[in-house]
Amino acid sequence: MGPIPSKPAAPDGRLQAVLFDMDGLLVDSEPLWFEVERSVMFRLGGEWTQDDQRALVGGSLHRSVGYLLSRAGRPASHDEVADWLIGGMADLLAEREVAVMPGAIDLLAQVRDAGIPRVLVTSSERVIMEAVLTSLARHDITFTGTVCGADVVKPKPHPEPYQRAAALIGADARSCVALEDSPSGVESALAAGCVTVAVPGVATVEPRPGLTIVGSLTDVGLDVLETLVARAAPRSVS
């Protein structure tokens with residue numbers, strides 16, 4: 001894993017790329033995660049609730065495993081629990097067609113047709129990401145690049161995932177729009193300097209400066225993303 005290149009000099013108000021979260025933003029995979037997490041917690045001798053799931057939305061595998069172990073009634077190793085989570089989710093994705101969120105296909109098509117790079121930025125492990133990508137490909141959804149949990153040292157809410165996504169395509173993060181559904185993802189994108197749009201799902205996203213909150217991807221078109229980047233660009237002083 002090489003160093004993250006330094007970002008270009010100054011944004012010019014032009015949208016350079018759109019960076020998409022995956023779980024809960026593009027695909028309705030949170031119900032599957034809840035099913036897997038509940039099954040793992042049962043093996044650990046504990047109970048799993050919707051509040052527990054909300055606590056993990058957008059988090060890394062390491063964080064999820066630690067949380068599960070902290071509530072476990074039976075001993076297990078970190079690696080065992082990680083394998084149960086990844087294997088369980090991979091099995092469900094192989095058995096079922098994950099639902100695409102409303103507006104996702106149309107927005108991705110608009111961005112693609114405009115020739116604007118599209119990067120998938122997920123905290124999920126590569127095997128999970130690849131299974132979802134296979135499902136999305138059936139809807140003619142593809143990406144210019146991807147960043148998954150294994151590609152970063154510091155996961156969301158650290159800015160590294162979005163910094164790396166922008167660097168992957170030679171873009172300035174300040175001229176990229178990041179679309180997220182979770183508090184940790186929003187924090188990561190804002191810290192990286194991205195123009196950030198939240199589409200809250202399982203977890204509540206609180207308003208904050210620099211953040212646009214919408215109800216659905218159906219409320220976001222390419223024209224909206226371009227306007228947000230243009231407004232965020234620094235004004236020239238004459």
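**Close-up 1. F20, a buried phenylalanine.** In this predicted model, F20 has a relative accessibility of 0% and therefore counts as buried. Look for F20 in strand β1, which covers residues 17-20.

**Close-up 2. F20 meets F143.** A search of the whole structure turns up 2 aromatic pairs, and here is one of them, made by F20 and F143. The ring centres are 6.3 Å apart and the planes stand at 70°, so this pair is edge-to-face. Where does F143 lie? You will find F143 in the loop between α6 (126-137) and β3 (145-147), so the pair ties together parts that are 123 residues apart in sequence.

**Close-up 3. W48 meets Y67.** Now turn to the rings of W48 and Y67, whose centres are 5.7 Å apart. Their planes are at 90°, so this pair is edge-to-face. W48 sits in the loop between α1 (30-43) and α2 (50-56), while Y67 belongs to helix α3, residues 61-70. The two are 19 residues apart, and their pairing links distant parts of the chain. Are these residues buried or partly exposed? W48 is buried, with a relative accessible area of 7%, whereas Y67 counts as partly exposed at 23% relative accessibility.

**Close-up 4. A charge over a ring: R43 and W84.** This view shows a charged group together with an aromatic ring. The charged end of R43 sits over the ring of W84, and the distance to the ring centre is 3.9 Å.

Terms used:
Residues numbered from 1 in each chain as written. Predicted model: local features only at pLDDT ≥ 70, side-chain atom pairs only at ≥ 80, totals over all residues. Heavy atoms only, no water. Phe/Tyr/Trp six-rings, centres within 6.5 Å; stacked < 30°, edge-to-face > 60°. Helix = DSSP H or I, 4+ residues; strand = E, 2+ residues; numbered from the N terminus. Buried < 20%, exposed > 50% of the residue type's maximum accessible area, 1.4 Å probe, protein only. Lys NZ or Arg CZ within 6 Å of the ring centre and 35° of its normal.
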